[in-house]
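Please prepare a short briefing on the fold, the surface and the helices of this protein.

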Amino acid sequence: SKSSYQRGEKALAKKLSDEKTELRNAATAYDARAKTLIFQHYNSTRDLNSIDLHGLFVPEATEVLQERIVECKANRVTRLEVITGRGLHSRDGTSRLKPMVTAFCDENGVGLEPGSNEGCFVIVLGE
């Protein structure tokens, strides 16, 4: 659209810009739907005190973790098991989610304990 505008083809530039905006909005909606479906897939049978972040990108995982912590606190849940996985399916075999959970807890003053294996943690929300 920029090159069309620079050539003086303003109507075409506007059309292309509008199409780009529509496509970007559609992609955002598809991403949100995918996040919801992935989260439901891994968490539909879990209780409030457990959350599985498998399959989510770091920003998505951060968002659902924040939401779950709020929900846990509202329901007086004191311990939240957070399953991140070990990162075996990540591009380089390194977990992206584990460092996010650790940093999130550090930044928010939330206690963190090791879980039952290296792919999970327990967030201590208070007694």
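The notes below go from the overall architecture to the individual helices.

This is a predicted model, and its secondary structure comes to four helices and four strands. Counted from the N terminus, these elements follow one another in the order α-α-β-α-β-α-β-β. The radius of gyration is 20 Å, well over the 14 Å that the globule rule gives for 127 residues, so the protein is more spread out than a compact globule.

**Overall dimensions and contacts**

- Taken along the principal axes, the box that the C-alpha atoms fill is roughly 65 × 35 × 30 Å.
- Of the 127 residues, 31% count as buried.
- When contacts between residues at least 6 apart in sequence are considered, 53% of them join residues that are at least 24 apart.

**Surface and charge**

- The protein exposes about 8,600 Å², and carbon and sulfur atoms supply 51% of that area.
- There are 18 positive and 18 negative side chains, and the centres of these two sets lie 7 Å apart.

- Helix H2 covers residues 10–43, and its 34 residues should span 50 Å at 1.5 Å a residue, which agrees with the 49 Å between its end C-alpha atoms.
- The buried residues in H2 are Ala 13, Lys 35, Phe 39 and Asn 43.
- Glu 9 has its place in the loop between helix H1 (2–6) and H2, and with a relative accessible area of 33% Glu 9 is partly exposed.
- Glu 9 and Val 101 are 92 residues apart along the chain, and their C-alpha atoms are separated by 49 Å.

- Within H3, the residues Glu 60, Ala 61, Thr 62, Val 64, Leu 65, Arg 68, Ile 69 and Cys 72 are buried.
- An α-helix has 3.6 residues a turn, so residues three or four places apart point the same way.
- After H3 comes Arg 76, whose phi is positive, near 60°.

Methods
Residues numbered from 1 in each chain as written. Predicted model: local features only at pLDDT ≥ 70, side-chain atom pairs only at ≥ 80, totals over all residues. Heavy atoms only, no water. Helix = DSSP H or I, 4+ residues; strand = E, 2+ residues; numbered from the N terminus. Rg over C-alpha atoms; globule rule 2.2 N^0.38 Å. Buried < 20%, exposed > 50% of the residue type's maximum accessible area, 1.4 Å probe, protein only. Contact = heavy atoms within 4.5 Å. Areas by Shrake-Rupley, 256 points an atom, 1.4 Å probe, with all protein chains shown as cover. Lys, Arg positive; Asp, Glu negative; His and termini not counted. Charge placed at Lys NZ, Arg CZ, Asp CG, Glu CD. Expected span 1.5 Å × (residues − 1).
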